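Reader: Hello! I am new to this structure, and I would like to learn how to read its features one by one. Could you guide me?

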Amino acid sequence: MSIAITGASGQLGHLIVEGLLRRIPAEWILACVRRPDASGWFEERGVSVRPCDYDQPDALEQAFAGVSRLLLISSSHQDDTVRLRQHAHVIEAAKKAKVGHLLYTSFAYADNGSVPLAHLHLATEQAILASGIPYTFLRNALYTDIVGALGLPGAIAQGELVVRAGDWTFNTVIRPDLAEAAAAVLANSEAHLNRSYELTASRTWTFEDLADALAEIAGKPITLRRDPEVQSWIYGFLSRIDTSSVSGDLERLLGRPTASLLESIQPMVSRERG
Ligand SMILES: NC(=O)c1ccc[n+]([C@@H]2O[C@H](COP(=O)([O-])OP(=O)(O)OC[C@H]3O[C@@H](n4cnc5c(N)ncnc54)[C@H](OP(=O)(O)O)[C@@H]3O)[C@@H](O)[C@H]2O)c1
C-alpha cells in the first residue's frame, strides 16, 4: 500500500500527513514535495519523500510509480491558467503511473461560483473524470483565514467591527478539520470511490457571530457597524462564491461537529495581536 500526497510541504499537506500517521503505518505514506532537500520533518517521522513539481511533467510519472492512492492538493500558483496546466500534468502522470485512486482538493459548491477559482476547480474535476481514474473530490470550503482581511486587531483595539452592509453568511472551515477528514478518507478510500464531498462548516456564521466571538476573546464589548462604503477586495470575491450553503459531509467524515467560530479564530487573533 502506498498513499501519496502532493503539496505535502504546505500547511494542509502537513496536517494530512499527521492525520495519516495516526491511522496507518508511516511506511505507507509518501510525501511528494517540490523541494525534497527541505523534507527533514517527514524523514523524522519515517515518511518517505519523493520530488514532485507540477511544472516538471516528465518527472511526475516516476514520482507516482507504485502509488495506489494519490491526493492532489491544488496548486497555490496565483494564475489559474497555470494552475490548470499544473493539475493536468499531475492527472496525466497519475494515469501513466496507473494510480488506482485519485483524490483532489476541490472547492465547495464551485458550481455556484463565478470567479476563475471556481472554474479552475470544476475544470480540474472534469479532467479527472475524463482520465477514467477512480476519484474522490474533497470540495473544501473557504478557509476561515478570510477573517484576516476584516481588520480584527483594529476591531478589538477600537471596540468596533466595521463590515460591508449586506446579508452575509459564511460556511468557512479550518485546515485541521479538512485535514482530519482527508486523512480519514485516504486511509479507507475504497469506501469513498467516485464520491464528491462538500466540506463546509456544520453551520454558518454571520458578522454578528464574529463580533460576539471577538468580544469573548477580547473580554470587552465589540459593536458591529455595517457600512455600505467599506472598501476591501474581499467583499467582491465573497459575493461571487457560495459562502452560505451547508452540507453535513465534513461533520460525517469527522464523526463530530466542525470547530466553532470562536475555536477557529482564537489562534489567529492571538497570533495577530502578538
Ligand atoms: N479553501 C480555501 O479557502 C483555500 C485558501 C487558500 C488556498 N487554497 C488551496 O488549497 C491548497 C492547500 O492549502 P495550503 O493552506 O496547504 O496552502 P500552502 O500552505 O500555500 O501550500 C501549498 C502547497 O502547494 C505546493 N506547490 C505550489 N506550487 C507547486 C508546484 N509547482 N509543484 C508542486 N507543489 C507545489 C507548495 O509547495 P512549496 O512548499 O514547495 O511551496 C505547498 O506544498 C492551496 O495550494 C490552494 O490551492 C484553498
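**A guided reading**

Author: Gladly. Over residues 7-188 the chain is 42% helix and 17% strand, with the end C-alpha atoms 21 Å apart. Helices (H or I, at least four residues) and strands (E, at least two) are DSSP runs, numbered from the N terminus. This is a predicted model, where local features need pLDDT of at least 70, side-chain atom pairs count only at pLDDT 80 or more, and totals for chains, interfaces and linings use all residues. Residues are numbered from 1 along each chain as its sequence is written, and side-chain values use heavy atoms, with hydrogens and water left out.

Reader: Which UniProt annotation covers residues 7-188?

Author: The unreviewed UniProt entry gives "domain: NAD(P)-binding" for that stretch. UniProt positions are given in the numbering used here, feature names are shortened, and annotations may be inferred rather than shown by experiment.

Reader: How many disulfides are there?

Author: A disulfide is a covalent bond between the sulfur atoms of two cysteines. The rule asks for a pair of cysteine sulfur atoms within 2.5 Å, and by it the count comes to zero.

Reader: How do I read the aromatic pairs?

Author: Rings of Phe, Tyr and Trp (its six-membered ring) pair if their centres lie within 6.5 Å; planes under 30 degrees apart count as stacked, over 60 as edge-to-face and the rest as tilted. A search of the whole structure finds eight such pairs. One of them joins F170 and W205, a tilted pair at 4.6 Å centre to centre with 35 degrees between the planes. This pair links distant parts of the chain, 35 residues apart: F170 is in the loop between β7 (160-164) and α7 (175-187), and W205 is in the loop between β8 (195-199) and α8 (207-218). F170 is buried at 1% relative accessibility, and W205 is buried at 5%. Ring pairs also link W168, F170, W205, F207 and Y235 into a cluster.

Reader: Where does K98 lie, and is K98 buried or exposed?

Author: K98 lies in the loop between α4 (80-96) and β5 (101-107), and is exposed, with a relative accessible area of 72%. Its phi is near 60 degrees, a positive value in a residue other than glycine. Y109, in the loop between β5 and α5 (116-131), has a positive phi of about 50 degrees. Y109 is buried, with a relative accessible area of 16%.

Reader: What is the volume of the largest pocket?

Author: On a 1 Å grid over the protein atoms alone, a pocket is an open set of points with protein on both sides within 12 Å along at least five of seven lines, while in a cavity a 1.4 Å probe fits but cannot get out; lining residues have an atom within 4 Å of a point. Grid points are joined across faces, edges and corners, and a volume is the space filled by probe spheres set on the points. The largest pocket has a volume of about 1,300 Å³. Of its 41 lining residues, the closest to its centre are S74, S75, S76, R83 and Y143.

Methods: Buried < 20%, exposed > 50% of the residue type's maximum accessible area, 1.4 Å probe, protein only.
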